[in-house]
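Q: I'm new to this one. Can you walk me through some of its charge pairs and helix contacts?

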Amino acid sequence: MRLRVLGAIAVDDAPVRSARVRRLLAVLALDPGRVVAADRLVEHVWPGRPPAHGEAALHSAVARARRVLGDGVLLTRPPGYVLDLPPGALDAGVAADLRERARSVDPARAAAVLDEALALWRGPPLAEFADEDPFRPVAARLAELHADTEDARARADLDLGRPEAAVARLEELVAAAPFRERRRELLVEALHRAGRGADALAAVAAYRRLVADELGLDPGPELRRLEAVVLAGTPAPVDAANAPFAALEAANGAFAAHPAPMVGRETALAGVLGVLGDGPVTLIGPGGVGKTTLARHVAAASTAPDGVVVAELATVSRGDEVAAAVVAAVGAPGASTGGAGPDDRVAAVLRGRRVLLLLDNAEHVVDAVAALVTTLAAACPTVAVLTTSREPLGVPGERVRPVPPLDEAAAVALFAERAGAADPTFAVSDANRAAVTEACRRLDRLPLALELAAARMRVLSPAELVAGLPAHLRILRSPHRVADRRHRTLHAVVAWSYRLLDDRERALLDRLGVFAGDFTLGAARAVAGEDADAVLADLVDKSLVTASVDHTRPGPSRYALLETVRAFARERLAERGETATLRRRHAEEALGFLRRTGPPAGPDAARRLAAVEAEWDELRAAVAWASTEDPALAGALVAALVDVGEVRMTPELFAWAEALLAGGADLGRSRAMVHAVAAEGARFAGDLARAEEHVAAGRRALCDGHDRAAAVLAYLQSEVAGFAGRGAESARAAAEAERLAAAAGDERVRVLAACCRVLAAAYEGDHDATLAEADALDVAVRDTGDTLMRPWSVYVRGEVRVERDPTTALELVEDAVRRARAVGEQYALGVALVTVTSLRARRGDVAAAARAAAESLEHWRGTGNRTHQWVGLRAVVDLLGQAGHDALAAELLGGLVARRSGGAVFGADALRLADLGATLRARLGATEAGRAERRGAARDDEGLVDLAREALARL
């Protein structure tokens with residue numbers, strides 16, 4: 001099956017008759033593989049006039065589209081639908097792939113590939129929808145792809161020495177798009193090559209009149225240059241196949257036509273080939289990332305008419321030796337230009353030649369290479385220059401192309417290929433895949449590192465390799481006797497770059513090694529020194545620090561060291577004797593960051609939470625160091641994360657708190673709040689007794705001025721009492737938490753406590769009062785603009801209506817799900833999904849209830865929240881009973897009754913489960929029901945969840 005959008009919407013060669021289905025497929029095809037929300041689909045499939053029952057109408061359109069597409073293509077994925085197309089199933093994607101492929105093959109093959117691409121077009125892309133939103137920008141992009149492919153096909157005729165064929169093609173193309181200057185340039189060049197100079201000048205004159213009359217502009221510089229070439233009577237260029245250059249032929253004979261196999265760089269290869277000749281191109285990246293391999297593949301795929309010159313600069317020790325090395329690489333070491341300087345000598349050798357000059361490994365002579373490239377740009381415009389370096393050249397017109405580490409799949413594939421070459425018995429299997437993947441990650445997915453590590457598979461297993469990193473970085477050694485000395489070990493790779501740094505750069509790099517992950521410039525200043533700004537930029541330029549800059553979003557840029565560089569820097573830091581000092585600065589800066597950021601509350605709550613999560617690697621490292629060196633500092637770090645634990649339910653944070661408390665060290669004034677963090681984790685894990693112990697211990701540890709810690713502990717007591725079915729106690733504790741939080745100015749905890757109190761009252765049967773209070777609470781939260789608290793207030797409005805007005809309750813709770821999902825409020829999301837499951841089940845909407853239940857179970861499993869997982873399983877029991885799966889329902893119910901963790905069943909839930917249990921025993925018989933319940937009771941926690949997941953899959 002192929003979905004066709006390059007023309008009228010069609011499937012294979014059959015038109016889609018329904019206009020609504022065509023529009024639906026067009027919207028989904030704008031971003032295949034990505035879920036499109038149902039409300040967005042309704043908006044675009046019925047633009048301006050959505051149907052009264054949009055969801056039902058959309059379901060109907062989806063059903064018709066599925067009949068057109070066949071099975072397994074248009075899938076339901078909350079919150080909408082997705083086109084799950086296999087490779088090659090969308091004609092626009094195929095056309096784009098073919099255009100890219102044409103960049104990296106010889107002209108003859110390119111012509112065939114481009115013809116194949118052009119054959120896919122059957123008319124204007126997205127046809128009837130091209131001028132409407134949201135289709136307009138994609139239609140414009142596809143139209144440009146078509147035009148670019150047409151131009152490239154004409155270029156292929158020229159490269160194949162067929163100028164007359166190119167003229168015939170281009171005259172038609174120019175008539176169709178008279179203002180497209182690139183086509184005019186190609187036409188003028190084709191006419192000149194065909195020996196039709198007068199026609200070439202006439203074509204330039206016609207275009208000059210057109211743009212002057214219509215746009216008030218002059219032709220661009222390339223067209224003016226071509227005009228000058230024709231006017232000067234310069235002979236047309238000789239076809240590439242007939243361009244003799246004996247020196248270059250000799251040089252190219254020494255060049256490896258078949259470089260080492262390349263894995264995972266196909267897109268990068270096409271991208272570099274696409275910009276060659278548009279200015280000097282520089283491949284930059286850290287040592288061992290594969291710059292040279294990529295450059296050699298670019299050279300091998302190059303269609304430069306006069307060939308390729310490769311100048312290896314690693315053996316050059318001084319800048320004044322660069323020009324001589326290039327001349328020698330050309331194959332004309334004795335060439336003379338009188339008294340001209342060395343760079344002019346290179347220009348004289350290459351002038352007029354259409355070659356690709358590859359300057360490999362230029363970082364240690366970058367100034368000399370920059371001067372040479374500047375000279376060549378002025379004197380030899382037909383020479384395309386490609387340089388590999390660990391920093392840019394900084395010359396005018398330079399196209400800098402960073403070469404990043406491989407992605408995970410490519411890294412594993414490269415490791416497997418190299419390890420198999422070293423030991424034919426090696427293969428990546430289910431047994432070792434995790435270790436191989438982890439080894440690749442720790443080796444930064446650098447091709448050189450992977451090759452060196454793979455060679456060790458003759459004597460190490462992947463697991464042993466991982467266990468020994470980073471210590472193995474010193475002993476990983478190339479198996480090739482002829483390997484460049486700089487690349488024989490990973491340590492040598494980094495040491496080579498380190499030796500090129502000045503003292504300030506070395507000192508900063510060593511100190512940056514203290515960071516565990518990426519970091520901001522502000523953090524670098526605080527930890528490594530106030531003068532970090534300019535030096536950090538230099539380290540980025542030299543590929544020893546990576547920079548991540550997102551120009552589309554606010555927030556600071558982030559910097560990082562590769563693991564190999566970090567390990568090297570930490571060794572140097574230890575040699576300086578500064579490790580302890582820097583680790584303390586790092587931990588203190590982490591605490592300072594948390595205090596500056598503040599709790600995730602108020603209008604910018606989501607931003608604050610995101611900022612904390614971005615620093616999680618550093619927080620982990622700071623807590624790990626401080627736990628042994630300064631427990632009070634570690635306690636302060638953990639205490640400052642109490643709100644994050646409530647939103648994200650982070651098991652790692654709760655483990656930190658438990659470990660600190662178990663260590664028995666003096667945690668200072670943070671002890672009470674550390675107990676609160678531990679209580680959060682115990683309550684989520686279903687151990688309510690331990691949660692209460694932590695609450696009690698935290699209260700005993702309270703000091704003067706601990707109003708906030710007291711408020712958090714009271715709120716947690718309310719939560720635990722509520723789960724245990726002690727409604728009155730829960731309400732009292734929540735009221736106390738509200739009072740304490742108000743005194744401490746903690747609006748977040750005050751609202752959470754208010755939610756607990758309102759729910760406790762509702763569960764105790766006080767519905768009338770709680771409806772008004774829940775509504776007022778939601779209005780107040782809405783007015784604060786706190787997007788992390790709004791899911792809770794909306795959820796509470798829905799939850800208090802569950803028994804009296806289930807329809808409105810469902811609308812509100814599903815709104816809470818959407819809000820929680822949007823901001824990442826994990827606790828509220830899971831709680832609301834459980835209620836959605838219950839309400840959908842009561843309405844008899846089995847499919848929707850099953851979807852919500854499955855999502856909630858996976859959610860709670862991922863966050864380790866046993867307490868709410870058992871609550872969610874109760875809704876699944878109810879759902880299975882309604883659907884007639886009595887044996888499964890009884891087995892699951894037996895398992896839930898046997899659980900000793902989690903909260904008690906009370907109120908309406910208890911009555912429903914009791915009634916359901918009686919119903920199941922009546923339908924199955926006491927004996928069969930008893931067997932099923934005992935099977936459930938015998939399952940462990942994971943087994944019980946697996947049973948529920950399997951049961952839901954049958955609904």
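This is a predicted model: local features need pLDDT of at least 70, side-chain atom pairs count only at pLDDT 80 or more; totals for chains, interfaces and linings use all residues.

Q: Start with Arg155. Which side chain does it meet in a salt bridge?
A: The side chain of Asp159, at 3.3 Å from N to O.

Q: Where do Arg155 and Asp159 lie?
A: Both are in helix α6, which covers residues 136-159. They sit four residues apart, about one turn of the helix.

Q: And is Arg155 buried or exposed?
A: Arg155 has a relative accessible area of 19%, and the cut-off for buried is under 20%, so Arg155 counts as buried.

Q: What about Glu575 and Arg572, how do their side chains meet?
A: In a salt bridge, with 2.6 Å from N to O.

Q: Why are those two about one helical turn apart?
A: Because Glu575 and Arg572 are three residues apart in helix α25, residues 563-576.

Q: Which of the two is buried, and which is exposed?
A: Arg572 is buried, with a relative accessible area of 11%. Glu575 is exposed, with 58%.

Q: Why would side chains pair like this in the first place?
A: As a general point, side chains of opposite charge can pair when their charged atoms come close.

Q: Now Arg683. What does its side chain meet in a salt bridge?
A: The side chain of Glu719, at 3.2 Å from N to O. This pair links distant parts of the chain, 36 residues apart. Arg683 is in helix α32 (residues 671-684) and Glu719 is in helix α34 (residues 707-723).

Q: Are Arg683 and Glu719 buried or exposed?
A: Arg683 is buried, at 1% relative accessibility. Glu719 is buried too, with a relative accessible area of 10%.

Q: Switching to helices. At what angle do α40 and α41 pack?
A: About 155 degrees, with the axes 8 Å apart. Helix α40 is residues 826-842 and helix α41 is residues 846-863. Angles over 145 degrees count as roughly antiparallel, so α40 is roughly antiparallel to α41.

Q: Is the crossing of α40 and α41 left-handed or right-handed?
A: α40 passes α41 in a left-handed crossing.

Q: Which residues meet there?
A: On the α40 side they include Tyr827, Leu829, Val834 and Arg840. On the α41 side, Ala852, Glu855, His859 and Trp860 are among them.

Q: How do the residues of that contact divide into nonpolar, polar and charged?
A: For α40 with α41, twelve are nonpolar, five polar and two charged.

Q: And how do α37 and α38 pack?
A: Helix α37 (residues 767-784) and helix α38 (residues 790-799) pack at about 160 degrees, with their axes 8 Å apart. These two are therefore roughly antiparallel to each other, and their crossing is left-handed.

Q: Which residues make the contact of α37 and α38?
A: From α37, they are Ala774, Asp775, Leu777, Asp778, Val781 and Arg782. From α38, they are Arg790, Ser793, Val794, Val796 and Arg797.

Q: How many of those are charged?
A: Five are charged, alongside five nonpolar and one polar.

Conventions:
Residues are numbered from 1 along each chain as its sequence is written. Side-chain values use heavy atoms; hydrogens and water are left out. A salt bridge is a side-chain nitrogen of Lys or Arg within 4 Å of a carboxyl oxygen of Asp or Glu. Buried means under 20% relative accessible area, exposed over 50%, partly exposed in between (1.4 Å probe, protein chains only). Axes are lines fitted to C-alpha atoms, for helices over the stretch in contact, and angles run from 0 to 180 degrees between N-to-C directions. Angles under 35 degrees count as roughly parallel, over 145 as roughly antiparallel, 65 to 115 as roughly perpendicular and the rest as oblique. A crossing is left-handed if the near helix is turned anticlockwise from the far one by less than a right angle, and right-handed if clockwise. Contact means heavy atoms within 4.5 Å. Ala, Val, Leu, Ile, Met, Phe, Trp, Tyr, Cys and Pro count as nonpolar, Asp, Glu, Lys and Arg as charged, and the others, Gly among them, as polar.
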